[in-house]
Protein chains: 2
Amino acid sequence: MGISKADIFSREDNLLARFAKALGHPARIAILRLLAQRQACICGDIVEEIPLAQSTISQHLKELKTAGLIKGEIEGAKVCYCIDEEAWEVAKAALGTFLDSNTGCGANCC
Amino acid sequence: MGISKADIFSREDNLLARFAKALGHPARIAILRLLAQRQACICGDIVEEIPLAQSTISQHLKELKTAGLIKGEIEGAKVCYCIDEEAWEVAKAALGTFLDSNTGCGANCC
DNA sequence: AATAATTATCGTATCTTTACGATCAAATAA
DNA sequence: TTATTTGATCGTAAAGATACGATAATTATT
């Protein structure tokens, strides 16, 4: 991200940006869609569905996990990933509120 | 974005990612908040409010414009920016639908 | 006309992201 | 035990993002 200046922004704005950034790649959107549509959260299934290298998928999963949107559980040699519903609700509320609040600029400007 | 493989994802996923990416920086969140809260969309006002260099703000404005979330109108020497309400509604609907659809993973996984 | 104000763009340095192959660690199978 | 599967991590290359100062272009002011 180049030189970062996150400290000059509000906590809320940083939170929103962090969630949005996690959603800011089509591969991660596709992964989240998979996690929601099927109950099959096995990492290998994701790798099979999305034409990216296994290491790349693993990297995207890590970012989603870091952002708090998903969580993984070891099941033997495999790993089961799923959406972290609690954090998901937080993200949904934060983004939803933000998107809703920014209406009504009206016709008096621009 | 490093090497890009946007072509392997659906149009919808790319659209979502593009909007989310535009929101993926606290400075841009702060700018959008300003554009919504006041009617003052003058570029100079934004530069005064946010402690970043003028060129940096201009760059963020350009990205928001490229993403389609805002539009600018020249007013003499100044430029008036405001939220593009039409595109905003599209983004809100797309993100909203996505965020809403991804619930109900349930307790049977993870 | 000359100066000042306003904003975009250029050039640049630095850090981050994306993607891949290779490798490692842990669990399972042979 | 040895081999295989599974997924994370390392190393790395290429591209993008972030930030700044300097400069250019346009309009407004003097």
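I take the expected span of a helix as 1.5 Å times one less than its number of residues. I note also that the model I am reading is predicted.

**Entry 1: helix H2 of chain B**

I looked up H2 of chain B, which covers residues 26-37. This helix has 12 residues, and from its first C-alpha to its last it reaches 16 Å, close to the 16 Å expected. I then asked how many residues of H2(B) are buried. The count is 10 of the 12, so H2(B) is largely enclosed by the rest of the structure. I wrote down the buried residues: Pro26(B), Ala27(B), Arg28(B), Ile29(B), Ala30(B), Ile31(B), Leu32(B), Leu34(B), Leu35(B) and Ala36(B).

**Entry 2: H2 against H4 in chain B**

Next I checked how H2(B) packs on H4(B). The angle is about 75 degrees, and the axes are 10 Å apart. Because angles of 65 to 115 degrees count as roughly perpendicular, H2(B) is roughly perpendicular to H4(B). From H2(B), the contact is made by Ala27(B), Arg28(B), Ile31(B) and Leu32(B). From H4(B), I find Ile57(B), His60(B), Leu61(B), Glu63(B) and Leu64(B).

I picked His60(B), which lies in helix H4 of chain B, residues 54-66. Is His60(B) buried or exposed? Its relative accessibility is 8%, and the cut-off for buried is under 20%, so His60(B) counts as buried. Apart from residues up to four places away in sequence, His60(B) touches His25(B), Ala27(B), Arg28(B), Ile31(B) and Leu52(B).

I then turned to Ile57(B), also found in helix H4 of chain B. Ile57(B) has a relative accessible area of 0% and is buried. With neighbours within four places in sequence left aside, I list its contacts as Ile31(B), Ile46(B), Val47(B), Ile50(B) and Leu52(B). I also looked up the C-alpha separation between Ile57(B) and Cys43(B), which is 8.5 Å for two residues 14 apart along the chain.

**Entry 3: Asp45 of chain B**

I located Asp45(B) in helix H3 of chain B, residues 43-49. At 24% relative accessibility, Asp45(B) counts as partly exposed.

**Entry 4: the nonpolar core**

Which members of the largest nonpolar core touch the most other members? I find Leu23(A), Ile50(A), Leu69(A), Ile50(B) and Leu69(B), out of 73 residues in that core. I followed up Leu69(B). Neighbours within four places in sequence aside, Leu69(B) is in contact with Phe19(B), Ala22(B), Leu23(B), Leu64(B), Ile83(B), Asp84(B), Trp88(B) and Ala91(B).

**Entry 5: the strand pair of chain B**

I traced strand S1 of chain B, residues 70-75, and strand S2, residues 78-83. The two run antiparallel and are joined by 6 bridges. As one bridge, I noted Gly72(B) with its partner Tyr81(B) in S2(B). The hairpin has 2 residues between the strands, and Gly76(B) takes a positive phi near 70 degrees there.

**Entry 6: chain A overall**

I counted what chain A holds: 5 helices and 2 strands. Along the sequence, I read the pattern α-α-α-α-β-β-α. Chain A has 110 residues, and buried residues make up 45% of them. Of the contacts in chain A with a separation of 6 or more, 47% come from residues 24 or more positions apart.

**Entry 7: the strand pair of chain A**

Strand S1 of chain A, residues 70-75, pairs with S2(A) in the antiparallel sense over 6 bridges. I looked up two bridge partners in S2(A). For Ile74(A) the partner is Val79(A), and for Glu75(A) it is Lys78(A). In this hairpin, with 2 residues between the strands, Gly76(A) takes a positive phi near 70 degrees.

**Entry 8: helix H5 of chain A**

I checked the span of H5 of chain A, residues 85-101. Its 17 residues should span 24 Å at 1.5 Å a residue, and its end C-alpha atoms are 24 Å apart, which agrees. The buried residues of H5(A) are Ala87(A), Trp88(A), Ala91(A), Lys92(A), Ala94(A), Leu95(A), Phe98(A) and Leu99(A). What covers these buried residues? From chain A, the cover includes helix H1 (11-22), helix H2 (26-37) and strand S2 (78-83). From chain B, it includes H2 and helix H5 (85-101).

How values were computed: Residues numbered from 1 in each chain as written. Chains lettered and ligands numbered in written order. Predicted model: local features only at pLDDT ≥ 70, side-chain atom pairs only at ≥ 80, totals over all residues. Heavy atoms only, no water. Core = buried A, V, L, I, M, F, W, Y, C linked by side-chain atoms within 4.5 Å. Buried < 20%, exposed > 50% of the residue type's maximum accessible area, 1.4 Å probe, protein only. Contact = heavy atoms within 4.5 Å. Pairing = 2+ DSSP bridges. Helix = DSSP H or I, 4+ residues; strand = E, 2+ residues; numbered from the N terminus. Axes fitted to C-alpha atoms, helices over the stretch in contact; angles between N-to-C directions. Parallel < 35°, antiparallel > 145°, perpendicular 65-115°, else oblique.
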